[in-house]
Amino acid sequence: MNMSTGAGLAERAARVAAVAEAHADDVDAKGRFPKEAVDAMRAERLLSIQISPGLGGEGASISDIAELCSLIGQACAASAMVFAMHQIKASSLVSHGEDADWHRAFMRRISDEQLLLASATTEGGIGGNLRNSICAIAVEGDRCRLEKDATVISYGAYADAILITSRSHPDAASTDQVMTVFTRDQYTLERTHVWDTLGMRGTCSDGYLFKGEAPATQILPKPFAEIAAQSMLATSHLLWSAVWYGIAVNAVARAQAFVRAAARRSPGQTPPGALRLAEASSLLQMLKSNVVEGLREFEAAKADPDRLSSMGFAVAMNNLKIGSSETILTIINHAMLICGIMGYKNGTPFSLGRHLRDAHSAQLMISNDRILGNTSNLLLVHKQDTSLVG
Ligand SMILES: Cc1cc2nc3c(=O)[nH]c(=O)nc-3n(C[C@H](O)[C@H](O)[C@H](O)COP(=O)(O)OP(=O)(O)OC[C@H]3O[C@@H](n4cnc5c(N)ncnc54)[C@H](O)[C@@H]3O)c2cc1C
């Protein structure tokens, strides 16, 4: 973590995590928005940390932000996912909106007003294939208008703005896309799907018919293909993985507390769960290495446009997502076997039901099969980087 901002950020995130933890079970049980945690993020001014200091932010690095996602994720995965998704949207503005007057002014507003950003890429008839759109934005004069069957918009009803993808004009090919910022006063949302799910219930990811109208200057100046390749895909896989890592960290902490309590009850005897805890510890380290290496790779690639758009980088980011989303399930399952019924039951200090249910979203959040399909195409021509010093 960046030493100048890191310690201060971690302390602020720890205060947010304490609030998130206090409400996590209620948020999960009721499938309600984690209002208290998001209010705490605003109070700690965490929603603008990525924005440059010149626009009222703190210029936090992706590694700084990943650490905060993990810290909040250890308390409440839904709160951490809201934070991560907001930061992923902010990264599109920071990376691709710095040269546009409207987007610069909007970043200043995010800093001043601690605005919460949501994302609408998923579309009815397209699913998670985010590099395709059916809907198209219509530009008339200096105005733009968009209607989208957005089947999943996390915290859509609670956001201050939505960054939404579409075709760039009504005659454009499905892959010729743009991303546009619409602020809350510029759109209506008609709910079409209710988010009553196994896990990540507090993300309140209902489906909506989105209808928006705004000045055309709010369309991000770069094609969405560039935004996706250069910042959004990598940032998504990194920050999601950081949230998932946080869930696994907390599951292992609960399992370790269980084993230590058992050891105290029977001095001189190693509790039966101890061996499995050692296995979970090894898996957790592997998961951490996966995330840390991904962060290192992204920081290096950001300084080198060729590397950022290379197949090797795309394979590395895809593998990061596959590896983290699968490993967390194994780790939490180990924790469950260690804690037994006390882990299976709700309302004990060792409960793991919420962790396991939240963790199951990871493989679906852009389907792993879709990502593996993409990687398998790249591997037809790309030779994987296997150097240990690269
Ligand atoms: C907690 C959570 C929050 C989310 N928040 C948002 C949000 O804020 N905004 C947003 O836009 N979206 C959001 N999503 C949506 C998410 O990112 C995916 O786009 C969505 O979950 C994919 O939906 P799907 O599984 O129905 O669709 P699809 O991607 O169509 O996949 C359906 C199934 O078909 C199979 N499949 C489809 N295509 C292929 C392929 N090419 N190769 C192999 N198999 C394939 C897979 O088995 C897959 O499971 C969220 C999802 C979750 C879980």
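Some ground rules come before the residues. The model is predicted, local features need a pLDDT of at least 70, side-chain atom pairs count only at pLDDT 80 or more, and totals for chains, interfaces and linings use all residues. Residues are numbered from 1 along each chain as its sequence is written, and side-chain values use heavy atoms, with hydrogens and water left out.

I start with the rings. A pair of aromatic rings is described by the distance of the centres and the angle of the planes. Rings of Phe, Tyr and Trp (its six-membered ring) pair if their centres lie within 6.5 Å; planes under 30 degrees apart count as stacked, over 60 as edge-to-face, and the rest as tilted. There are seven aromatic pairs in the structure. One of them joins Tyr 187 and Phe 210, tilted, with 5.3 Å from centre to centre and 35° between the planes. Tyr 187 sits in strand S6 (residues 187-193) and Phe 210 in strand S7 (residues 207-215), so this pair ties together parts 23 residues apart in sequence. Helices (H or I, at least four residues) and strands (E, at least two) are DSSP runs, numbered from the N terminus.

Are these two residues buried or exposed? Buried means under 20% relative accessible area, exposed over 50%, and partly exposed in between, with a 1.4 Å probe and protein chains only. Tyr 187 counts as buried at 11%, and Phe 210 counts as buried at 0%. Ring pairs also link Phe 182, Tyr 187 and Phe 210 into a cluster.

Next come two tryptophans. Trp 240 and Trp 244 are four residues apart in helix H6 (residues 224-265), which means about one helical turn separates them. Both Trp 240 and Trp 244 are buried.

Now the ligand. Which residues are closest to the ligand? The shell holds 19 residues, and the closest are Ser 119, Thr 121, Thr 122, Ser 154 and Arg 370; a residue is near a molecule if one of its heavy atoms lies within 4 Å of it. Strand S1 (117-120) and helix H12 (368-378) each supply at least two residues of this shell. Backbone N or O atoms also come up here. Such an atom of Gly 128 lies 3.0 Å from an oxygen atom of the ligand, and one of Val 152 lies 3.0 Å from a nitrogen atom of the ligand. For Leu 364, a backbone N or O atom is 3.3 Å from a ligand oxygen atom.

Glu 297 lies in helix H7 (residues 274-302) and is buried at 11%. Leaving aside neighbours within four places in sequence, Glu 297 is in contact (heavy atoms within 4.5 Å) with Arg 307, Phe 313, Ala 316 and Met 317. His 355 lies in helix H11 (residues 353-359) and is buried at 4%. Not counting residues up to four places away in sequence, His 355 touches Ile 247, Asn 250, Ala 251, Arg 254 and Ile 332.

Last, the backbone angles. Arg 45 is not a glycine, yet has a positive phi of about 55°. Arg 45 is in the loop between helix H2 (35-43) and helix H3 (62-73), and is partly exposed at 34%. Ile 366, also not a glycine, has a positive phi of about 65° and lies in the loop between H11 and H12.

Note on methods:
A polar contact is a pair of N or O atoms within 3.5 Å; within protein, one must be able to donate a hydrogen and the other to accept it, and residues adjacent in sequence count only if both atoms are side-chain atoms.
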